[in-house]
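Student: I would like to learn how to read salt bridges, sheets and chain contacts in a model of this kind. Could we go through them one feature at a time?

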Amino acid sequence: MDTDTARIDELISREYAHGFVTDIEADSVPPGLSEDVIRLISAKKNEPPFMLEWRLDAYRHWLTMREPDWSSIGHPPIDYQDIVYYSAPKAKKEGPKSLDEVDPELLRVYEKLGVPLKEREALAGVAVDAVFDSVSVGTTFKTRLAELGIIFCSFSEAVQEHPELVRQYLGSVVPRGDNFFAALNSAVFTDGSFCYIPKGVRCPMELSTYFRINAKDSGQFERTLIIADEGAYVSYLEGCTAPMRDENQLHAAVVELVALECAHIKYSTVQNWYPGDRDGKGGIYNFVTKRGDCRGAHSHIAWTQVETGSAITWKYPSCILRGDHSVGTFHSVALTNHRQQADTGTKMIHIGRDTKSTIVSKGISAGRGSNAYRGLVKVLKTAEGARNYTQCDSLLVGDRCAAHTFPYIEVRNPTAKVEHEASTSRIGEEQLFYCRQRGLSAEDAVSMIVSGFCKEVFKELPMEFAVEAQKLLGVSLEGSVG
Amino acid sequence: MQPILEIRGLEASVDDKPILRGIDLTVNPGEIHAIMGPNGSGKSTLAQVLAGRETFTVTAGHVRYLGADLLARAPEERARDGVFLAFQYPVEIAGVSNVYLLKAALNAARRHRGEPELDAMDFLALVRSKLKSMEMPDDLLYRSVNEGFSGGEKKRNEILQMALLEPRLAILDEADSGLDIDALQVVARGINALRAPERAMIVVTHYQRLLDYVVPDYVHVLSQGRIVRSGGKELAFELEARGYGWIDDAVPAAAGAR
């Protein structure tokens, strides 16, 4: 048994492939947070006054708040005065107007990461917005999308070009003072992606944002806002990496989705921030607020996430099922290895009649990783005929890891049907031996068993992402058996 | 002729509890050896030790497979070299299709032998032909490994894997347990179809009934971790008629009659 555990341990160690640092001259503000810093950020971005007011309100609110302590994760205190709140690659002019003006060094970074930004090389059918530290460095396929009336650009650009849309929807799903990290983000967010799909338009390609933290000691606070107007459809992908550094870096993002009547938003994440080393040194603290509002009847928001990176993952992509007959789905794979900690899950708030939600959560713990599913299903009085189905499965690899499930269910309407199923299993010596007796290496066996375990979630991902996710899991587990 | 398997003085224990207490056995190409014995006599342990299960510790003796030391090698190396164990309790693997595991297994062996891997088309053609011979429906390929399989389907799936991997040494651990007579006959036909001059089989069974269909060349009776009696196929009938109590009372035969 002991040899088996030792082998699994070996399998789990493998190096982070995206840990390189790029030497790019940056325009950064000194570490620390104050109203002045916020004014500076807002000025650097040439924002209209309403944005500055919004930020300052958020900041003042944040000052009255405390870091949440209800989750199962632990970390040394974060010194918010020691973080750089704005870091941007120094542009030669005002900022890149098109990809041709983007610093070639930056384009090479994204190539190295497998995300070529040059349109002719871009993945067919995927439009990419690349966010490097605090700012968006380029968005592909913009003109083609514009022909359909689709707006897909950096958040900064949206503030300049479409202030009315930003003003109408910003903070309408995740209010400024929603929680500690959302308030912080609202005060200091520097960029992110913005997307608007007009009435009745089906976005013909996957939209995607690729986030990259590069600068030292900087936090990344991006904000994504996606609005699908009546009958619109969009599938959106998000990918993330960061260099290997010994210090922990804070990432506190906010994502807001708005689905109007009969609109459908599919939001997929493959999160591979640097997880820290074997002993838990370094890595990204990922405190993220993601929420979708099914504002219109028959709207549908689907979250799919594969979380393999970060030292800490704290996120609960949620759906507010306001519209009658609206549908919320959440499919998640979270893997924790070494000393990674994840406290993740979802909230499904049923407000409208005949609203439906599905939750499928797969947690994999290896090494000394700790993995918690935390989910809330809330059915309000108004939600006649609401349905929820929740399935939480945990898979343990080795015997020093932990898995927890915290389901919260609140039902205020007697016609609601809420189902919850949970299971915990271990990659057993028996399963491993069976596969090895058939000639598979222990490593291949573990990765085969893990992908089988995650299959229900992977099939929700767009094709290219599913392949990437599968590879990522393999990478994250490799070395644990040998 | 080089024996396929030579076991000499093999002792093995689990958690310091001795299970095998000195096994001697020689298996030549083309032979089928039946290992019989009461529950707890060490039959399954022997099968698993030969396949390399690490829950058991070999404390003495050695085993040569095709002339080379078997015990020093990892389970997957033994498998790729042609040692196959049909499990008494095949494990379930959720979300992994049967066909995926079969292909991975076959290609692991082919790589090891320096042969090109089979592509999906060639593999499917091959596995379909084997499937037919095991009277198994196609959909069994696409279901998760052993998940929701009936007892009979699990056992047939083991024989299917054996047919596909074409081992030099097949060890069948209670291939008949839990089968009704129809399923038993299918499994037996599958096993018999794999009898070949270059292949040897060790058939571990508690009851004689499998041996009505798969006729062994030799029968060995295991008791308390030792082979206490060896003989031809008639020995199985004798056991069936007189039970294992008769063996326990008998004076242990010279260990390893062959």
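Student: With which residue does A:Lys362 form a salt bridge, and how far apart are the closest N and O atoms?

Tutor: Please keep in mind that this is a predicted model. To call a salt bridge, one looks for a side-chain nitrogen of Lys or Arg within 4 Å of a carboxyl oxygen of Asp or Glu. Here A:Lys362 forms a salt bridge with A:Asp393, and the closest N and O atoms are 2.9 Å apart. The two residues belong to distant parts of the chain, since A:Lys362 sits in strand S19 (residues 356-365) of chain A and A:Asp393 in strand S21 (residues 387-396) of chain A, 31 residues apart.

Student: How many salt bridges are there over all chains, and how many between chain B and chain A?

Tutor: Over all chains the count comes to 34 salt bridges, and between chain B and chain A it is 4. One that you can look up is the salt bridge of B:Glu158 with A:Arg438, where the closest N and O atoms are 2.6 Å apart.

Student: Which elements of chain B give two or more residues to the side that touches chain A?

Tutor: They are helix H1 (43-51), helix H2 (75-80), strand S6 (83-86), strand S7 (93-97), helix H3 (98-112) and helix H6 (151-165) of chain B. By residue type, this side of chain B divides into 21 nonpolar, 7 polar and 6 charged residues. In terms of contacts, 34 residues of chain B meet 21 residues of chain A, and the area buried between the two chains is about 2,300 Å², with carbon and sulfur atoms giving 59% of that area. Across the interface there are also 13 residue pairs in polar contact, both residues being at pLDDT 80 or more.

Student: How should I read a sheet, and in what order do the strands run in the open sheet of 4 strands in chain B?

Tutor: Strands of a sheet pair through backbone hydrogen bonds, either parallel or antiparallel. In this sheet of chain B the order is S2-S1-S4-S5, and the pairing is antiparallel. Strand S2 (17-27) and strand S5 (68-69) of chain B are the edge strands, each pairing on one side only. Within the sheet, strand S1 (residues 5-14) and strand S4 (residues 57-65) of chain B run antiparallel and are joined by 7 bridges; for example, B:Glu6 has B:Arg64 in S4(B) as its bridge partner. H1(B) packs on this sheet, where it touches S1, S2 and S4 of chain B, and its direction makes about 110° with that of S1(B).

Student: Which kind of pairing does the open sheet of 6 strands in chain B have?

Tutor: Its pairing is mixed, and the strand order is S6-S9-S10-S3-S11-S12 in chain B. The edge strands are S6 and strand S12 (226-231) of chain B, and the twist averages 20° from one strand to the next. A parallel pair within it is strand S9 (residues 169-173) with strand S10 (residues 200-204) of chain B, which share 5 bridges, including the one in which B:Ala170 is partnered by B:Met201 of S10(B).

Student: At about what angle to S9(B) does H1(B) run?

Tutor: H1(B) runs at about 145° to S9(B), and it lies across strand S3 (32-36), S6, S9, S10 and strand S11 (218-223) of chain B.

Notes:
Residues are numbered from 1 along each chain as its sequence is written. Chains are lettered from A and ligands numbered from 1 in the order in which they are written. This is a predicted model: local features need pLDDT of at least 70, side-chain atom pairs count only at pLDDT 80 or more; totals for chains, interfaces and linings use all residues. Side-chain values use heavy atoms; hydrogens and water are left out. Contact means heavy atoms within 4.5 Å. Buried area is the accessible area (1.4 Å probe) that two parts lose on being put together, summed over both. A polar contact is a pair of N or O atoms within 3.5 Å; within protein, one must be able to donate a hydrogen and the other to accept it, and residues adjacent in sequence count only if both atoms are side-chain atoms. Ala, Val, Leu, Ile, Met, Phe, Trp, Tyr, Cys and Pro count as nonpolar, Asp, Glu, Lys and Arg as charged, and the others, Gly among them, as polar. Two strands pair if DSSP finds at least two bridges between them. Axes are lines fitted to C-alpha atoms, for helices over the stretch in contact, and angles run from 0 to 180 degrees between N-to-C directions.
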